[in-house]
Amino acid sequence: GAAAQLAAVLAGWRDDALPADSVVSSLTVLPLGELQGECAAMAHAHAAYSWYLDADPLGVQIRALAAQRVPLHDRIASLQRQRALLATEVMVAERGYERTQRLAQRQDASLLTLDDRERTVLAAKRALEGTFVEQANTQVELGRIDQTVIELAVRDRQQRQDLLIALRQAM
């Protein structure tokens with residue numbers, strides 16, 4: 001009867017292939033006498049473990065964070081391309097400034113033009129430096145995401161293990 005049903009479910013129990021929720025919940029209505037409370041505790045532990053595996057709440061967060069990494073890597077690649085262009089722009093601006101400086105020494109260019117060339121050099125250098133700062137900030141953000149993913153993965157493993165231990169103890 002009821003004890004045989006319970007024994008059959010428990011005999012086929014494996015951590016990697018849990019019985020269906022309906023099978024376990026059907027055990028709670030069997031007339032098991034003094035085992036009724038323990039069977040209810042087992043059904044509750046089974047439901048908690050099954051829900052966690054199905055809902056995968058931390059896995060959802062981990063996948064969402066992993067998806068945030070892609071645009072950050074894209075931003076870093078874009079900043080590296082910008083830096084190459086800006087480095088060339090700095091060299092061109094410096095050459096223009098040096099030419100204007102030589103012309104200004106011979107009074108073939110105005111000091112106003114020389115100041116404009118110097119401002120162009122400074123603006124190009126500021127833009128180049130900005131790409132370094134932005135890349136550093138992006139890498140910090142990427143590191144934070146990676147650290148959070150690691151922490152969530154550890155919590156997920158621990159939560160799964162705790163629920164499985166609770167289920168085994170309830171059996």
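The chain carries 19 positive and 22 negative side chains. The centres of these two sets lie 11 Å apart. The model is predicted. Its secondary structure comes to five helices and zero strands.

**Overall dimensions**
- The C-alpha trace spans about 110 × 20 × 15 Å along its principal axes.
- The radius of gyration is 33 Å, whereas a compact globule of 171 residues would have one near 16 Å.

**Fold and contacts**
- From the N terminus on, the elements run α-α-α-α-α.
- Consider contacts between residues at least 6 apart in sequence: 74% of them join residues at least 24 apart.

**Surface and burial**
- The accessible surface comes to about 11,000 Å².
- Carbon and sulfur atoms hold 56% of that surface.
- Of the 171 residues, 29% are buried.

**Nonpolar cores**
- The largest nonpolar core has 26 residues. W13, L27, L32, M42 and L167 touch the most other members.
- At least two residues of this core come from each of helix 1 (2–11), helix 2 (21–27), helix 3 (36–55), helix 4 (57–105) and helix 5 (111–170).
- Helix 5 gives the most, with seven residues.
- Beyond its neighbours within four places in sequence, L167 is in contact with W13, L18, M42, A45, H46 and Y49.
- Another core, of five residues, lies apart from the largest one. Its members include A93, Y97, A104 and L114.
- In soluble globular proteins, nonpolar side chains tend to be buried together.

Terms used. Residues are numbered from 1 along each chain as its sequence is written. This is a predicted model: local features need pLDDT of at least 70, side-chain atom pairs count only at pLDDT 80 or more; totals for chains, interfaces and linings use all residues. Side-chain values use heavy atoms; hydrogens and water are left out. Helices (H or I, at least four residues) and strands (E, at least two) are DSSP runs, numbered from the N terminus. The radius of gyration is taken over C-alpha atoms; the globule rule is 2.2 Å times the number of residues to the power 0.38. Buried means under 20% relative accessible area, exposed over 50%, partly exposed in between (1.4 Å probe, protein chains only). Contact means heavy atoms within 4.5 Å. Accessible areas come from the Shrake-Rupley method with a 1.4 Å probe; for residues, only the protein chains shown count as cover. Lys and Arg count as positive and Asp and Glu as negative; His and the chain ends are not counted. The place of a charge is taken as NZ of Lys, CZ of Arg, CG of Asp or CD of Glu. A nonpolar core is a set of buried Ala, Val, Leu, Ile, Met, Phe, Trp, Tyr and Cys residues joined through side-chain atoms within 4.5 Å.
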